[in-house]
Amino acid sequence: MNRQNETILKVDDVYLSYGHVEALKGVSLEVKRGEIVVLVGANGAGKTSIMESILGVYQSRKGTVTFKDKNVTNLSADKIVRKGIYLVPEGRGVFASMTVIDNLLLGAHHNLKNAKAKLTYVYDLFPILSERRNQIAGTLSGGERQMLAIARALMSNPEMIMVDEPSIGLAPKIVSDIFKILKELNKEGYSILLSEQNVYKALKLSHRGYVLETGKVVLTGTSEELLINPEIRKAYLGA
Ligand SMILES: Nc1ncnc2c1ncn2[C@@H]1O[C@H](COP(=O)(O)OP(=O)(O)O)[C@@H](O)[C@H]1O
Ligand SMILES: [Mg+2]
């Protein structure tokens, strides 16, 4: 099999409602192994809802999610994590009153046997977290907290990570650092589904993208195509 063209994640015609609010109206997308795919869209377009329906946080009303050729639609989040997908949530989701190391160990809670080796691995990737391992996470800077959230995801031994709006609230220089880390992780083999409002930087980083508007995919293409698309330039790149 040509692993490069293998579809690792496929979302097919997924609908999701919160009570009367229809957040997703038939979304289809895919991530191939080794790709960085970005979801682009304004606030409320449905980016977080896509990630949460993949993770099984919310049950979709219709549609299927397939991961590595297995139907994982509406499995519990815990089961999905064991299958190899981890979500780095919007707002980082680190536990502020816990130490860095305890936050990291939470990422490996289903896999504690390998936690020690995984800690060595993430400390190697993020030396700052190693230095700060006994510090309370709430006292980290925004960028460090984002690194901690990504590192915690890696502790679960994922094949794909979903990273929801990592750049929110961070200075441009720190955003560049975070994007560099995502690029490196991708080179190491992680497939990445990213959501971003920082559209230019995200398209520069990613291989392909999907543009969402009010719960629907309205445009898709390679990131190069999207970067020069007149509608994208007008709506998201201020050109
Ligand atoms: N827990 C919730 N309860 C009710 N409505 C929600 C909830 N989460 C999101 N929504 C609504 O679903 C739509 C999509 O939201 P979301 O997926 O968070 O968009 P994005 O991440 O692109 O900003 C929005 O209209 C939002 O108000
Ligand atoms: Mg969101």
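**The sheets and how they are defined**

Q: What makes the order 6-7-8-3-9-10 an open sheet, and how is the pairing described?
A: Here 6 strands line up in the order 6-7-8-3-9-10 to form an open sheet with mixed pairing. Two strands pair if DSSP finds at least two bridges between them. Strand 6 (85-88) and strand 10 (216-222) are the edge strands, each pairing on one side only. Direction ignored, neighbouring strands of this sheet are turned by 15 degrees against each other on average.

A word on the background: this is a predicted model, in which local features need pLDDT of at least 70 and side-chain atom pairs count only at pLDDT 80 or more, while totals for chains, interfaces and linings use all residues. Residues are numbered from 1 along each chain as its sequence is written, and chains are lettered from A and ligands numbered from 1 in the order in which they are written.

Q: How do you know that strand 6 pairs with strand 7, and in which sense do they run?
A: Strand 6 and strand 7 are joined by 4 bridges and run parallel; pairing requires at least two bridges, so the pair qualifies. Within it, Tyr-86 stands opposite Ile-161 in strand 7.

Q: What makes strand 9 and strand 10 a pair, and what lies between them?
A: These two strands pair in the antiparallel sense over 6 bridges. Glu-213 has Lys-216 in strand 10 as its bridge partner. Strand 9 and strand 10 form a hairpin with 2 residues between them, and Thr-214 in the turn has a positive phi of about 35 degrees.

Q: Which strands form the sheet with antiparallel pairing, and why is one side of each edge strand left without a neighbour?
A: That open sheet has 4 strands in the order 2-1-4-5. Strand 2 and strand 5 (70-71) stand at its edges with a single partner strand each, so one side of each has no neighbour in the sheet.

Q: How do you know that strand 1 has partners in this sheet?
A: Strand 1 (residues 7-18) is joined to strand 2 by 9 bridges, and the two run antiparallel. Leu-9 stands opposite Val-31 in strand 2. Strand 1 also pairs with strand 4 (residues 62-67) in the antiparallel sense, over 5 bridges, and there Tyr-15 stands opposite Lys-62. Strand 1 and strand 2 form a hairpin with 2 residues between them, where Gly-19 in the turn has a positive phi of about 60 degrees.

**Helices and overall form**

Q: What counts as a helix or a strand, and how many are there?
A: Helices (H or I, at least four residues) and strands (E, at least two) are DSSP runs, numbered from the N terminus. The protein comes to 10 helices and 10 strands.

Q: What makes a residue part of the shell around ligand 1, and which element gives the most?
A: A residue is near a molecule if its C-beta atom, placed from the backbone, lies within 6 Å of it. Among the surrounding residues are Tyr-18, Asn-43, Lys-47 and Thr-48. Strand 2 (21-32) and helix 1 (47-55) each give two or more residues, and helix 1 gives the most, with 3 residues.

**Two domains**

Q: Where do the domain bounds come from, and which residues does each domain cover?
A: The bounds come from an automatic or database domain assignment, which gives domain 1 (1-84 + 158-239) and domain 2 (91-157). Their C-alpha centres lie 23 Å apart. The contact takes 12 residues from domain 1 and 10 residues from domain 2, where two residues are in contact if their C-beta atoms, placed from the backbone, lie within 7 Å. On the side of domain 1 that touches domain 2, helix 7 gives the most, with 4 residues.

Note on methods: Axes fitted to C-alpha atoms, helices over the stretch in contact; angles between N-to-C directions.
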